[in-house]
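Dear colleague,

Here is the structure that I promised to hand over, together with some notes on what was found in it. Please keep it open while you read, and look up each part as it is named.

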Amino acid sequence: MSLPTVLIVDDEIRSLEALRRTLEEDFTVFTASNVDAALEILRQEFIQIIVCDQRMPVQSGVTFLKHVRADWPDVVRIMLSGYTDTEDIIAGINEAGIFQYLLKPWQPEQLMLVLRSAADVYRLQLENQRLSLELRDSPALLAERVANKRQHVREKFSLDRVARAPDSPLNATCEMIDRIAPYDISVLITGESGTGKELLAHALHYRSGRAAQAFVTQNCGALPDALLEAELFGYKRGAFTGAYSDRVGLFQQADGGTIFLDEIGETTPSFQVKLLRVLQEGEIRPLGSPRSVQVNVRVIAATNRDLEEEVRAGRLRQDLYYRIANLTMHLPPLRERPMDIPLIAEGLLQRAMRQLNRKVRGFTPETLDCFKAYRWPGNVRELQNEILRILALTDSEWLEARLLSPKVLRAAMEESEEQQLDLLAGLDGSLKDRMEQLEARLIRETLIRHRWNKTHAAQELGLSRVGLRSKLVRYGMDKT
């Protein structure tokens, strides 16, 4: 249990040291020899009690404690003075709201008694605030609200909400999640960046028996070892420079639930040793703490690397790999799921319309064709950015292909020889009919690439503008 914190403000250094020595066994003591230093401590530390001298240069104790009362009203304020000035005492009680007025020379026993009472007052203040908040609503109503929020989160991360077509390669992965979710084993999700690994981790958690407990995430590649260790395992106040208060780590926050460690392949061998111990022993030790803390956590890890290759190269410990990969599932990239792209794009469009406060009817068929032809190296994140871009640029109720980025437009024309053969095999009717279908396809793709500039498209196709226009009318593609 942490000690109550007290800040002593006195311009006499000998008095500060005497007070600190008297109190340091029962309190966490901070000292300041002037008001500016005291204010800085108040901004950085969690102070419960202030003991302040009345007569100080620049500003009196009453004036300072009035400021404290305004900005930190919960702090218990105690005045300390060598003078029995009645006006000071009255001002301290009425204006600064002091808890006690102590005279110098102070007696250790009396001082300790007053500060213990002040600590109790602070604790009771917090307890009263907490109870007031809890009593504001009935227990039944609070339970109903929690249950509704939990159900909303379950629905948000349900496997049924994962956008995929009936013939999507992602279906097998979702079926595997459904089967393994009830079993308390570690899972490794592999796949390129932006494919939605965290989304599947959420679905796995909310499909499991741990769904009512916490789900916390940490990108292991985003922090250096020291900060990553502090974030995951927590620390005690004073464990390192800047550790001004205790911090509960993510493993402890996830106790009873699930922790998602993204980019696990980015960790260093030295950190991997510490993580392995946590997974083997089921306990963590916060930095600066002499004691370990037991935790019951399911680990879901994710990576865009080939971890077996990382093990062979000596960059990942083999024993850690087997700990985090009781079961491995692969999330295919977007280019291997072209049948899912229209569904994913529609969901992203709904989100983009809310974000930009714009409303459109949807995508044109040409736009979706370009989406399916592009390889999306950035996967879903890149698709999301492209949709935001064309939604911001459009002046129409439909999102047209002419607004797409050049790289996406070019992809519509960069079909492989095999794709061209598939196109010819899919044409129906007589030779004349098939030639017309192929001609219409080539004209449409040329117009898309030139953003429906008929002059430029006609020049590329070797047609006059009038000749191109007649073909557009013939094939029902005239937009003017």
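A salt bridge is counted here when a side-chain nitrogen of Lys or Arg lies within 4 Å of a carboxyl oxygen of Asp or Glu. Before the findings, please note that this is a predicted model, in which local features need pLDDT of at least 70 and side-chain atom pairs count only at pLDDT 80 or more, while totals for chains, interfaces and linings use all residues. Residues are numbered from 1 along each chain as its sequence is written, and side-chain values use heavy atoms, with hydrogens and water left out.

Salt bridges

By the rule above, the count comes to 25 salt bridges. One of them joins the side chains of arginine 335 and glutamate 192, with 2.4 Å from N to O. Arginine 335 lies in the loop between strand E14 (327–330) and H14, and glutamate 192 in the loop between strand E6 (187–190) and H8, so the pair ties together parts that are 143 residues apart in sequence. (Helices, H or I with at least four residues, and strands, E with at least two, are DSSP runs numbered from the N terminus.) Both ends are partly exposed, arginine 335 at 30% relative accessible area and glutamate 192 at 27%, where buried means under 20%, exposed over 50% and partly exposed in between, with a 1.4 Å probe and protein chains only.

A second salt bridge, between glutamate 397 and arginine 361, has an N to O distance of 3.4 Å. This pair also links distant parts of the chain, with glutamate 397 in the loop between H16 and strand E16 (398–399) and arginine 361 in the loop between H14 and strand E15 (362–363), 36 residues apart.

Arginine 43 and glutamate 40 form a salt bridge at 3.4 Å, N to O, and, being 3 residues apart in helix H2 (residues 35–44), they are separated by about one helical turn. Arginine 43 is exposed at 56%, whereas glutamate 40 is partly exposed at 38%. Elsewhere, Glu266, Arg305, Glu310 and Arg315 are linked in a network of salt bridges.

The largest pocket

A pocket is an open set of points on a 1 Å grid over the protein atoms alone, where a 1.4 Å probe fits and protein lies on both sides within 12 Å along at least five of seven lines; lining residues have an atom within 4 Å of a point. The largest pocket holds about 1,000 Å³ of space, a volume being the space filled by probe spheres set on the points, which are joined across faces, edges and corners. Its lining has 31 residues, and Arg161, Leu199, Leu348, Arg351 and Val380 lie nearest the centre. Helix H14 (341–356) is among the elements that supply at least two lining residues, and H14 gives the most, with 7.

Helix H21 and the cysteines

Which residues of helix H21 (residues 465–474) are buried? They are Gly467, Leu468, Lys471 and Leu472. Seen down the axis of H21, these residues fall within an arc of 140 degrees, so they line one face of the helix; the arc is that of the directions from the helix axis to the C-beta atoms. On the other side of H21, Val466 and Val473 are exposed.

Finally, a search of the whole structure finds 0 disulfides, a disulfide being a pair of cysteine sulfur atoms within 2.5 Å. Cysteine 52 is buried at 0% relative accessibility, and cysteine 370 is buried at 1%.

With best wishes
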